[in-house]
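This report describes selected features of helix packing, sheet arrangement and ligand surroundings. Please consult the sequence and the structure shown below.

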Amino acid sequence: MENIKSSASNLAVDAAPNGDVISGAGSHLTSGLGHLVRANEIDVSHGPILYLEDVNVSFDGFKALKSLSLSIDVGELRCVIGPNGAGKTTMMDVITGKTRAQSGKVFLGQTMDLRRMDEPTIARAGIGRKFQKPTVFEQHPVWENLELAMKSDKRWFAALRAKLDAAAQARIEEVLSTIRLEDSAYRLAGELSHGQKQRLEIGMLLMQQPQLLLLDEPAAGITDDETMELARLLNSLRGRCSMMVVEHDMDFVAALSGEKGKVTVMAEGSVLAEGTLDQVKRDERVIESYLGR
Ligand SMILES: Nc1ncnc2c1ncn2[C@@H]1O[C@H](COP(=O)(O)OP(=O)(O)OP(=O)(O)O)[C@@H](O)[C@H]1O
Ligand SMILES: [Mg+2]
């Protein structure tokens, strides 16, 4: 898969999830497994881009995550479902460094220990996150929202300080087309429908070229047509980045996971079941705790 580099700096690089010790210094590190990993690149040589093992989070004694283990392969689009309070958002908070896990392993690829990285460093390492509520700059045109998103990416900053050069312009146009908002490029973001704002916010994340996108209930509160348009967008991102989508809308989940995609069901802070959507829908424990009879 292409596009597996990231531009992170000051990343903690030591023990890999499988216990291998990464040694070496400078721009190349030897993983001890016979392949070279450049510092700041996500090492997905073993498959997983995200690896959680035995993760625990307590809030004043209440266990929001209980021995949570889960792994997502590079290129995967993983849907996560589960009842309210299952810990889905808390899991995303732990991955992005917003909440600290008390114990467990949280790795990006083989080598990046996310528990040792702060929020901005994790974002720079290639994790983009979309919260439920769209956060766009309402008073600015759509294309300017994309430009502003690019400005926070230091790889583009030098170019933008001078002028919006051809490469940056091309990138904005490409993303506008991906999110299907070409016709709205000059409209104020505040005038967009809720579903269009959701797509714009995903576009803003794409400007940063994330390796892993985390989306928390992106289809909440949008119309059925917009929900299917959003599913089309996320499906079109396959191959460009890996994704984790938390969602309650089962039609949306079906449109994303297809017949073969893996779906994770969380309940009470851990993984209750994992399998295709059909498999988990038939699981007695899932019916009991989430889907109902
Ligand atoms: N900062 C916090 N302080 C105390 N309790 C918290 C905090 N964050 C989450 N919790 C609790 O942890 C549990 C898990 O919450 P979380 O938001 O992760 O669930 P969720 O699966 O995302 O639910 P939903 O589907 O409703 O969004 C809940 O009981 C919640 O009240
Ligand atoms: Mg939540």
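## Helix pair

Helices α7 and α8 cross in the right-handed sense, meaning that the near helix is turned clockwise from the far one by less than a right angle. Helices here are DSSP runs of H or I with at least four residues, and strands are runs of E with at least two, numbered from the N terminus. The contact (C-beta atoms, placed from the backbone, within 7 Å) involves Thr 227, Met 228, Ala 231, Leu 234 and Asn 235 of α7, together with Phe 252, Ala 255 and Leu 256 of α8.

The model is predicted: local features need pLDDT of at least 70 and side-chain atom pairs pLDDT 80 or more, whereas totals for chains, interfaces and linings use all residues. Residues are numbered from 1 along each chain as its sequence is written, with chains lettered from A and ligands numbered from 1 in written order.

## Sheet

Six strands form an open sheet of mixed pairing in the order β8-β9-β10-β5-β11-β12; strands pair if DSSP finds at least two bridges between them. Because β8 (127–130) and β12 (270–275) are the edge strands, each with a single partner, one side of each has no neighbour in the sheet. Antiparallel pairing joins β11 (residues 263–267) to β12 over five bridges, and Val 265 stands opposite Ala 273 in β12.

## Ligand surroundings

Around ligand 1 lie Phe 59, Phe 62, Ala 64, Gly 82, Asn 84, Gly 85, Ala 86, Gly 87, Lys 88, Thr 89 and Thr 90, counted where the C-beta atom, placed from the backbone, is within 6 Å. Two or more residues each come from β4 (62–73) and α1 (88–95). The largest share, three residues, belongs to α1.

How values were computed: Two residues are in contact if their C-beta atoms, placed from the backbone, lie within 7 Å.
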